[in-house]
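Dear colleague,

I am passing on the structure that we spoke about, and below it I have set out what was found in it. Please read the notes with the structure open beside you.

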Amino acid sequence: MSDQPIPEKTQSENAQGDKPAASPVKFRAVRGVRDILPPESALWNRVEQTARDVFRAYDYGEIRLPEFEQTELFARSIGVETDVVSKEMYTFEDYEPSELLEMRTAILGWQGVLNDLDQGQGFKSMTAVFIGTAKAALENGHASKTPENLRVLDQLEFARANLWLPSMPREEAPKVAHVKELVRRFHLGDSLTLRPEATACVVRAYIEHGMHTLPGDVKLYYIGPMFRRERPQKGRYRQFYQIGAEVLGQSDAPAVDAEVIEMLMDYFARLRLEGATLYLNSIGCAECRPKYVKILREKLLEVKDKLGADSQRRIETNPLRVLDSKLESEQAVIETLPRIAEHLCESCRAHFAALKDELKLRGVAFEENWRLVRGLDYYTRTTFEITARGLGSQNAVCGGGRYDGLVEMLDGPPTKGIGFAIGLDRLILSLQEQGKGEAASGPDVFIAWMGREAWPASVKLARQLRDAGVSVELPPEEMKFKKALGRADKLGARYALIIGGDEVASSQYTLKRLADGGQKKFAAEELIAHLRSELG
């Protein structure tokens, strides 16, 4: 038997000798998203309902869209080279359990000894089976037969053939890692993306459901969340919300554009949004914009050394985006650049002039902003933006424009289109900064009931009041009178309805106004009529 002393229990062990349980996880909202709680949610409801009311007055119908779409939809509409598609989208692979998935998992998890030829040959054989199974899956439709998948399999066959070659004695680790990366890149199912914006989704629905056959222009609006992996900051989130509207049809008449903008400004006026300013521009069409872009690029090359790295890169990729620059050091240079209004074709010039006349006819004030552009080719002519107070330098709450080429780009029929998207988070923030938020509001009536004989009458009256549109708080357990009134006050109730044995016997119920303590007795029908009158 050992003479060594038995060690004492450490402080980190309990009396039974067990290690302490790990601290419970405190679940919190994921970074970049947040909960919207009362009373703020009441402001969101009012803002959204006002949109529904205004848009309905202009004969728009609501479209409810899926929150995820095929990744290719956004790659084609927004552009593969954009930051949104290349860096910010939440994309995932949608597939069912299968033999191919099990093989992929086995290959990706392989941790064999690299200098053991038998183990190496086993990995090589496993890869060959994966390739064969993947080819069969492509043929029978169990995997997507995309150019990317076909390319991956070609590269994988070559990479597999070069594993553990006696004539090429070199480190196998990078070759195994390359095989694993190719296996990882093979898509077992559809590539899906949480929508980063909704215009492409609306256009997809328009094409899919043959809405071009409907009479007149199709006018739709949507309200809902979008998703981008951006750096979270005030007013910007990874799950953010938009209210948007689109008009799709055969007309590009300036009156269509003007009515869209009129509706938008009407909406902001109904919300009493202070300082809402409309900025307007025309970015031309497929005939005149390329000529302007060429002139702009030539001028930018002359001043390239005065621009920052991002703007220098955009000279070649997308010169129009240079005009978006917010860098203070570039502003003086940008002001010297040629302006698109001077290079519009006759048709675009006439369209822009007619649009401004239409806005004046409707009493819609605007300011022209020649730097207001859109970088994608399918955008044409009208482009606009609305700013508001309370948001600092990044003060835009809405952007929109005409996109006559998008439906065709997504394989639909030739169609004209114009629309906008409102950043709902930023709109709410602006309203709050302007003191337009919703105050905390409690129930209209708190029922203070006493005695079991009062409970049935309290339940019945609560139901009658609620049916009449009165909000009621009915405590599930009896409370002492003073405590009940205290609870009603803390909840912010406007009235306390007192129901005890005497009230039940006489069918006369005491209504107490909590603001000043005034009270009066009413029969049930009189009570309901009185509250309707008082509460409006």
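**A helix and a sheet**

Helix H8 is followed by Gly-210, whose phi is positive, near 60°; helices (H or I, at least four residues) and strands (E, at least two) are DSSP runs, numbered from the N terminus. Please keep in mind that this is a predicted model, in which local features need pLDDT of at least 70 and side-chain atom pairs count only at pLDDT 80 or more, while totals for chains, interfaces and linings use all residues. Residues are numbered from 1 along each chain as its sequence is written, and side-chain values use heavy atoms, with hydrogens and water left out.

Helix H8 covers residues 199-208, and because 8 of its 10 residues are buried, the helix is largely enclosed by the rest of the structure; buried means under 20% relative accessible area (1.4 Å probe, protein chains only). Among these buried residues are Cys-201, Arg-204 and Tyr-206. The elements that the buried residues of H8 pack against, with contact meaning heavy atoms within 4.5 Å, include strand S5 (218-227) and helix H14 (406-409).

Elsewhere, 5 strands form an open sheet of mixed pairing, in the order S13-S12-S14-S15-S16, where two strands pair if DSSP finds at least two bridges between them. Strands S13 (472-473) and S16 (519-522) stand at the edges with a single partner strand each, so one side of each is left without a neighbour in the sheet. S12 (residues 445-449) pairs with S13 in the parallel sense over 2 bridges, and Val-445 stands opposite Val-472 in S13.

With kind regards

Terms used
Buried means under 20% relative accessible area, exposed over 50%, partly exposed in between (1.4 Å probe, protein chains only).
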